[in-house]
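Please open the model in a viewer and keep the selection panel at hand.

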Amino acid sequence: MLKTRFTEMFGVQYPIVQGGMQWVGRAELTSAVANAGALGFLTGLTQPTPEDLVKEVKRCRDMTDKPFGVNLTILPTLVPRPYGEYIDAIIQSGVKIVETAGNNPKPFLPKLKEAGIKVIHKCTSVRHGVSAERIGVDAISMDGFECAGHPGEDDVPNLVLLPAAANVIKIPMLASGGFADARGLVAALALGCDGMNMGTRFMATKEAPIHQKVKEAIVAGDERSTALLFRTMRNTARVYGNSVAKKAIEMEHEGKTIQEIGPLVAGARGKVVYETGDLEHGVWSAGTCMGLIQDIPTCQELVERIVREAKDLIRQRLATMAA
Ligand SMILES: Cc1cc2nc3c(=O)[nH]c(=O)nc-3n(C[C@H](O)[C@H](O)[C@H](O)COP(=O)(O)O)c2cc1C
């Protein structure tokens, strides 16, 4: 056991979370994370329709009897998505935990609360965390500048962001972005968090439903292997630093519009990367914690190792220092 306010509130064994990941967060991965005693999230918008999401929840439930949740990312997309219908699908599916990300989840909270669903809101700044707490979410997942995906525009890394957030946020908080091992988990707890959320680390596991070559690229990559897209448009995305990402950044600096860059960076091309292992086919998200990832274990092996080493760190290294 590793008991925190997070494990108590969400009824999971360990304070470790697999956050929503477009194309990656499907039943194979989320059920394996749940079976390992951590909390996994299916990615709602990976499913083409709300009906498909209900089926995916059922598929996941067929593979685990442990709690898991659904991520709903509320961001402008090239093709608009019916968020309200996805919320209804989540409620209908019987899932009791939702991870929201992107825009303020306020319009959806009354319905989710009424259905007895707990909401973890992912955000990238202290001020957004404070307003999410004020509107009544149950927990915060705080994504620092290190993270894969959308780190926001403030560029504050977690060594400052997390304790600054912990100074003012009272509800349970997860540390997210740059976490990949036991040292990260213990640091997250020391910085005032109640657990940690990981994306990139869970991509490089046996059960992640993506091509082996992508997993190997994560292992081969290091902390300098990412690139930041769309900085000039204030819609930053941290992705794997391949030739497509570099080309898109070059076009940005030449003043090209999103309509011109769009086809190069379309999500559909990223999906092909995961399916075929052609790493240069499109852009795909990955974080700086690639510098800490050296193997492709099962989720069970990964979670067990993190918990075992975290306990050793606390009981041996830290306790001896404080004696
Ligand atoms: C491939 C990939 C896809 C992601 N897609 C989403 C998404 O659709 N919605 C979301 O809220 N976060 C998404 N994220 C962010 C993760 O949930 C998590 O916040 C982030 O990966 C944490 O940083 P880390 O990769 O350093 O662990 C994605 C991350 C990765 C690696």
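A polar contact is a pair of N or O atoms within 3.5 Å; within protein, one atom must be able to donate a hydrogen and the other to accept it, and residues adjacent in sequence count only if both atoms are side-chain atoms. The model is predicted: local features need pLDDT of at least 70, side-chain atom pairs count only at pLDDT 80 or more, and totals for chains, interfaces and linings use all residues. Residues are numbered from 1 along each chain as its sequence is written, and side-chain values use heavy atoms, with hydrogens and water left out.

**The ligand**

Select Ala-148 first: one of its backbone N or O atoms lies 3.5 Å from an oxygen atom of the ligand. Next, select Thr-200, where a polar side-chain atom is 2.5 Å from a ligand oxygen atom. At Thr-73, a polar side-chain atom lies 2.7 Å from a nitrogen atom of the ligand. The ligand taken alone exposes 600 Å², of which the protein buries 93% (accessible areas by the Shrake-Rupley method with a 1.4 Å probe; for residues, only the protein chains shown count as cover).

Now display the 24 residues around the ligand; Gly-20, Thr-73, Gly-178, Gly-199 and Thr-200 come nearest (a residue is near if one of its heavy atoms lies within 4 Å).

**Two loop residues**

Select Ser-125, in the loop between strand S5 (118–123) and helix H6 (126–135); helices (H or I, at least four residues) and strands (E, at least two) are DSSP runs numbered from the N terminus. Is Ser-125 buried or exposed? Ser-125 counts as buried because its relative accessibility is 2% (buried is under 20% relative accessible area, exposed over 50%, partly exposed in between, with a 1.4 Å probe and protein chains only). Leaving aside neighbours within four places in sequence, Ser-125 is in contact with Met-142, Asp-154 and Leu-161 (heavy atoms within 4.5 Å).

Move to Ala-204, in the loop between H9 and helix H10 (212–220). Ala-204 is buried, at 0% relative accessible area. Not counting residues up to four places away in sequence, Ala-204 touches Lys-215, Ile-218, Ile-293, Asp-295, Ile-296 and Pro-297.

**The nonpolar cores**

Finally, select Ile-16, Ile-140, Met-142, Phe-202, Met-203 and Trp-284, which touch the most other members of the 76-residue largest nonpolar core (a set of buried Ala, Val, Leu, Ile, Met, Phe, Trp, Tyr and Cys residues joined through side-chain atoms within 4.5 Å). Helix H14 (residues 299–322) gives the most to this core, with 7 residues. A second, separate core of 14 residues includes Leu-229, Met-251, Ile-261 and Val-265.
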